[in-house]
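Subject: the two-chain model

Hi,

Here is the model I said I would pass on.

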Amino acid sequence: MTHPARIVAGTRTRPPPGAAAVAPVRFTASRGFRVSLWLHRWTGLIAAPFFLILCITGTILIFHEEIDEGLGYAAHAEAASPGTPERPLSEIVATAVAKTPERRPLALVFDADHPERVTVSLVEPGTRSFDGAKPVVLDRYRGTAIEAPDPRSTPTGIILTLHANWFLGLPGELAGGVVALLVVICLVTGVVIYGPFIKGLAFGLIRRGRGERLRQRDLHNFLGTVTLGWALLVSATGVTLALGDIALKVWQATELQRLAVAHGGQGHALATGPGASLDAVRAAAEAAKPGWRTSLMLYPGSAFSTDRHFTVLLVGPEGLQKRLFEIALVDAADARVAEIATLPWYLVVTQLSQPLHFGDYGGLPLKLLWTACAWFTLFVTGNGAWLWFARRPRRKAAGEERGAGQTA
Amino acid sequence: MIWARHPTGVALAVTTVTIAGLAAMLAEGAAWKVAGFILAAVPPAAGLAAYLSHRRGR
């Protein structure tokens, strides 16, 4: 790429103390530079107000566990004595259904962080999706219900909904993805154009006493460079997470359909009667993939299973495998494993994007780094907007001066 | 002055170091977590050190 700009004019004399600003540096710029500058300016300005909300809500969400604990929304269960056997899953589900008999179970969620808990998702009969599902948390060892609020109704749950989809469902998610994409474009174009603005400047040097505008521009370039990697990663994963629901729908329409056709799950009467026990289904799935543990069991007839099979999501024992699933399709009638399917690449990307977006995988030090980077990035966004607004009056004033000169 | 001379190179290096560090932290081992965190924290830490050094030098 040719160098985007060349300084052809600029005031090098130091203005008297208190002077408003140095004269503007002028560039003759290549077309690529001008396009990048335009994109950087406008993507940044459009994304700024939304980014402000995403940064504030994101910072709160980094500490959601601590906040939930502090506000008393965290569920507590007494640890079972060592060697206590797990209650049969059918008993746990029966306990959950007894609390809301008009609903039927659609999924069992096994909490990796709290192995003593299992959540049963209950839905209205005939419902295949999880919209409006009621979660009931139970103790796996005692078979008793654990008092836990619906995570969507807690303060951090509401903030998560705001952060993820602006209370607008899928359209809100996609809008958030567009904002994240604007931020990615803003960052990439920022890399393309910032060179000429730091000409002759040492890393970390913020020029003072030469006008507020120059100081803010130095801060913009310096902090923008320091936090670039983090901002790029978080905004890029924001785009992929925004597309997560669509990725799931693609999986439903392609891979799940293929599994249903291949294993006779299509057009099959919904498996509702007595078949294999839930424990047998779980055991069969785990036996087919030694070392892997069940994370989620979806009943036949859910949006993510066939009418004949349970879909069991298995997580690996270590490393990245812990963050990725393999999918076991288990026959509800005889607990026979029909197939173990790997996640397609687009769902792998979505899965890996989650920790890299939320920064919840490195304890308090990473949370603090995440917070610092979020606020530095927010500052860069804000002062970028200020740099744009601050140049307006001067242009106007220059125009008025020219006008006055012509009149004279 | 390497920053001013090679702005794009420095930006790409910062990005690579940060992302490599954060990706390394996805691993389970404590050594990976520590090494990844150090890598990810290098750009802000280097920035802070450079900023303070220039402030003291004025």
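Of the 408 residues in chain A, 31% are buried; by that I mean 20 or more other C-beta atoms within 10 Å of a residue's own, with 12 or fewer making it exposed, anything in between partly exposed, and the C-beta atoms placed from the backbone. Before the rest, some housekeeping: this is a predicted model, so local features need pLDDT of at least 70 and side-chain atom pairs count only at pLDDT 80 or more, while totals for chains, interfaces and linings use all residues. Residues are numbered from 1 along each chain as its sequence is written, and chains are lettered from A and ligands numbered from 1 in the order in which they are written.

Overall layout

Chain A has 11 helices and 9 strands, taken as DSSP runs (H or I over at least four residues for helices, E over at least two for strands) and numbered from the N terminus. Its domains are domain 1 (28-66 + 159-226 + 363-407), domain 2 (85-110 + 121-148) and domain 3 (245-358), with bounds from an automatic or database domain assignment. The centres of domain 1 and domain 2 of chain A, taken over C-alpha atoms, are 46 Å apart. As for contacts (C-beta atoms, placed from the backbone, within 7 Å), take those in chain A between residues at least 6 apart in sequence: 64% of them join residues at least 24 apart.

The cores

A nonpolar core here is a set of buried Ala, Val, Leu, Ile, Met, Phe, Trp, Tyr and Cys residues joined through C-beta atoms within 7 Å. The largest one has 46 residues, and Phe51(A), Val179(A), Val183(A) and Leu187(A) have the most contacts inside it. If you leave out residues up to four places away in sequence, Val179(A) touches Ala47(A), Phe50(A), Phe51(A) and Leu54(A). There is also a second, separate core of 34 residues, which includes Ala107(A), Val136(A), Leu259(A) and Leu314(A).

Where the chains meet

Chain A puts 33 residues into the contact and chain B puts in 28. On the chain A side, helix 6, helix 7, helix 10 (345-358) and helix 11 each supply at least two residues, and helix 7 gives the largest share, 5 residues. By class, that side has 22 nonpolar, 7 polar and 4 charged residues; Ala, Val, Leu, Ile, Met, Phe, Trp, Tyr, Cys and Pro count as nonpolar, Asp, Glu, Lys and Arg as charged, and the others, Gly among them, as polar.

Ala231(A) lies in helix 7 of chain A and is buried, with 26 C-beta neighbours inside 10 Å. Leaving aside neighbours within four places in sequence, Ala231(A) is in contact with Leu187(A) and Thr377(A).

A helix pair

Helix 3 (residues 89-99) and helix 9 (residues 278-288) of chain A pack at about 130°, their axes 7 Å apart. Axes are lines fitted to C-alpha atoms, for helices over the stretch in contact, and angles run from 0 to 180 degrees between N-to-C directions. The two helices are therefore oblique to each other (under 35 degrees is roughly parallel, over 145 roughly antiparallel, 65 to 115 roughly perpendicular, the rest oblique). Leu89(A), Ser90(A) and Val93(A) of helix 3 meet Leu278(A), Asp279(A) and Arg282(A) of helix 9.

Two phi angles to check

Most residues other than glycine have a negative phi. Phe167(A) is not a glycine, yet its phi is positive, about 65°. Phe167(A) sits in the loop between helix 4 (155-165) and helix 5 of chain A and is exposed, with 9 C-beta neighbours inside 10 Å. Ala335(A) also has a positive phi, near 60°, and is found in the loop between strand 8 (325-331) and strand 9 of chain A. Ala335(A) is buried, with 20 C-beta neighbours inside 10 Å.

With 14 C-beta neighbours inside 10 Å, Glu339(A) is partly exposed.

Cheers

Methods
Two residues are in contact if their C-beta atoms, placed from the backbone, lie within 7 Å.
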